[in-house]
Amino acid sequence: RYSWGRWSGWWAGWGMRLALGALALLVFCTDAFSREPRSSGVSGRARSRGPRLPGGRPWGSAMLKNSVSEESGPQSEDPEVAQGLQHIYSEDDTGGASAPQESPLVSVLKYQPPGQEAALFSFGNNHTMFLAYLRYTLAEQSPEQTIPCDEVLNASILELSINVSDPDVQQTFKQSWRDGRLLAMTKDPFEVLHGSLSFDDRLQGFTRRMCQYLCRTTPAVQSRLLQWLSPQWSPGANDGVQFEDLFFKASLTREEALQRLRVFMGWFKREYPYYYDNCMACGNARNNTFLGYVSPSAAERQYRAGRVELYLCSSCHTVSRFPRYNDVVKVLSETKRGRCGEYSVAALALLDSLGYETRWIVDWADHLWTEVRVDGEWVRHRGQRLSAVVVFPRFTAVCLLFCTCRSTSILARPQWTSLSSTSLGEKTKHTYLPSLLLTLWT
């Protein structure tokens, strides 16, 4: 009944399936068993958490391997998406943690003030920067005492090599940071002790920050922000737009809503310019020197400052402190000083208070911004770079996407390539999300 051609086609189809299956199994086994086992000497936060595949690779890294080749880099048809993939994957195969070195020695500078038990330390700074930090710190600690000259201070500075794997050494420097006796060139000085943070660690840090924002931005706080904003708003300086017109109204057309948002964002940009390194004493903004990061004081911690940047003025030689506050009211009404970290959350709080649907964007190229939903589409405030980004919509989901919009105009519409997302629900207001990276990629 059946012709020879039909039977031959059936056998050929099944033969092809079996051949492809055997080839896939061979490739998997070769990839799994040809890799050298990784060292287990990475401690604490440097070790990538979660399940691992054969060869020691974390699950998240294996997912990226679908789009990135070890030899040739990103394998994506879209070059911008490929660039974003490479931005993450290029760190290394452990999700951002550096491979442990055979001799974990780190060079530090130490100064022992006369008559004091607690020493001052520096990670990654040269002698000139450390000298400026010493003069500033000693003057803050004892304003009535005379500070030794630079020659005496420089002769008292010791350059040491410390073993960062020693638990006693780690405890000493952690306490020095908390006491404000450590100057570091990295945003997180504990990376010097434990190794670079993994992608998972950084993602959880941003998630905690969003959870804190949701918990603290209560209706009472939003009402306070609106009461503050009302007298600040001047219709004459903002194209005649009244304060009442800033609130979200479903009856507005898309163009009307965008026009009012442009006016509001323009006001925000004028009132809150980026702070770079301007001297807070004389206002000089030329050739100032970044000294490093120090721990915030007790007064600065009240407004949830995570770290403080120090800048040495080239004109009056004053050291300016720039606390990175996470308190919206403090930034908006008092300091009026910040960058994308402060301003993205401040704009998010104001737009939330005005009734808009918003979301917070974290770019792995070290940038953050806020987007507003208008007529079903997301428009953004301030410019963004190009990398993998994490989207934090309010109460709904966290998404891992790649942004392909390079426009720097106010309220430009970004183009997104979505990779994956996960629902968080209301519990994001009360709990942190361990191993969120695995949740996103599975």
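This is a predicted model: local features need pLDDT of at least 70, side-chain atom pairs count only at pLDDT 80 or more; totals for chains, interfaces and linings use all residues.
Local features need pLDDT of at least 70 and side-chain atom pairs pLDDT 80 or more, while totals for chains, interfaces and linings use all residues. Residues are numbered from 1 along each chain as its sequence is written, and side-chain values use heavy atoms, with hydrogens and water left out.

Me: How are helix 9 and helix 13 oriented where their axes come within 9 Å?
Reply: Helices here are DSSP runs (H or I, at least four residues) and strands likewise (E, at least two), numbered from the N terminus. Axes are lines fitted to C-alpha atoms, for helices over the stretch in contact, with angles from 0 to 180 degrees between N-to-C directions. Helix 9 (residues 219-232) and helix 13 (residues 340-353) cross at roughly 95°. Angles under 35 degrees count as roughly parallel, over 145 as roughly antiparallel, 65 to 115 as roughly perpendicular and the rest as oblique, so helix 9 is roughly perpendicular to helix 13.

Me: How do the residues of the contact of helix 9 with helix 13 divide into nonpolar, polar and charged?
Reply: Contact means heavy atoms within 4.5 Å. Helix 9 contributes Gln 222, Leu 225, Leu 226, Trp 228 and Leu 229, which meet Ala 349, Leu 350, Asp 352 and Ser 353 of helix 13. Ala, Val, Leu, Ile, Met, Phe, Trp, Tyr, Cys and Pro count as nonpolar, Asp, Glu, Lys and Arg as charged, and the others, Gly among them, as polar. The division is 6 nonpolar, 2 polar and 1 charged.

Me: What kind of aromatic pair do Trp 267 and Phe 268 form?
Reply: Rings of Phe, Tyr and Trp (its six-membered ring) pair if their centres lie within 6.5 Å; planes under 30 degrees apart count as stacked, over 60 as edge-to-face and the rest as tilted. The whole structure holds 21 aromatic pairs. For Trp 267 and Phe 268 the ring centres are 6.4 Å apart and the planes at 70°, so the pair is edge-to-face.

Me: How many residues apart in sequence are the parts that Phe 268 and Tyr 343 tie together?
Reply: Their ring centres lie 5.9 Å apart with planes at 90°, so this pair is edge-to-face. Phe 268 lies in helix 10 (residues 254-271) and Tyr 343 in helix 13, so the parts tied together are 75 residues apart.

Me: Is Tyr 343 buried or exposed?
Reply: Buried means under 20% relative accessible area, exposed over 50%, and partly exposed in between (1.4 Å probe, protein chains only). Phe 268 has a relative accessible area of 0% and is buried. Tyr 343 is at 1%, so Tyr 343 counts as buried.

Me: Which residue lies over the face of Tyr 303?
Reply: A charge sits over a ring if NZ of Lys or CZ of Arg is within 6 Å of the ring centre and within 35 degrees of the ring normal. Tyr 303 is in the loop between helix 11 (298-301) and strand 8 (308-312) and is partly exposed at 26% relative accessible area. Beyond four places in sequence, Tyr 303 touches Tyr 325, Asn 326, Asp 327 and Lys 330. The residue over its face, at 4.2 Å from the ring centre, is Lys 330.

Me: What is the phi of Asp 375?
Reply: Most residues other than glycine have a negative phi. Asp 375 is in the loop between strand 11 (367-374) and strand 12 (377-381) and is exposed, with a relative accessible area of 60%. Although Asp 375 is not a glycine, its phi is positive, at about 55°.
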